Amino acid sequence: MFLIIDDVASERRRLQGLGIVLEDDIEGDYSTLAQVRDPDGNLLTLATPPSRPYPPK
């Protein structure tokens, strides 16, 4: 599941305060991603909005 958020760094801090630790940031060509697995093992991905149009024109 992808969740689009405004700022990975601020969401990381908020989640750490709740005891949820995200994996390291993944810097992509279009956005920054961070991932965590829920208690059932499902992968959750937090992503910033694309920094430029996708797909490239």
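Visitor: What is the order of the four strands in the open sheet?

Guide: Keep in mind that this is a predicted model, where local features need pLDDT of at least 70, side-chain atom pairs count only at pLDDT 80 or more, and totals for chains, interfaces and linings use all residues. Residues are numbered from 1 along each chain as its sequence is written, and side-chain values use heavy atoms, with hydrogens and water left out. Strands here are DSSP runs of E, at least two residues long, numbered from the N terminus, and two of them pair if DSSP finds at least two bridges between them. The pairing in this open sheet is mixed, and the order is S1-S4-S3-S2.

Visitor: Why is one side of S1 and of S2 left without a neighbour in the sheet?

Guide: S1 covers 2-4 and S2 covers 26-27.

Visitor: Which residue of S4 is the bridge partner of Ala-34?

Guide: S3 and S4 run antiparallel, with five bridges joining them. They also make a hairpin with five residues between them, and Gly-41 in the turn has a positive phi of about 90°. Ala-34 has as its bridge partner in S4 Leu-46.

Visitor: How many of the six residues in S3 are buried?

Guide: Buried means under 20% relative accessible area, using a 1.4 Å probe and protein chains only. S3, residues 32-37, is mostly covered, and its buried count is five.

How values were computed:
Buried < 20%, exposed > 50% of the residue type's maximum accessible area, 1.4 Å probe, protein only.
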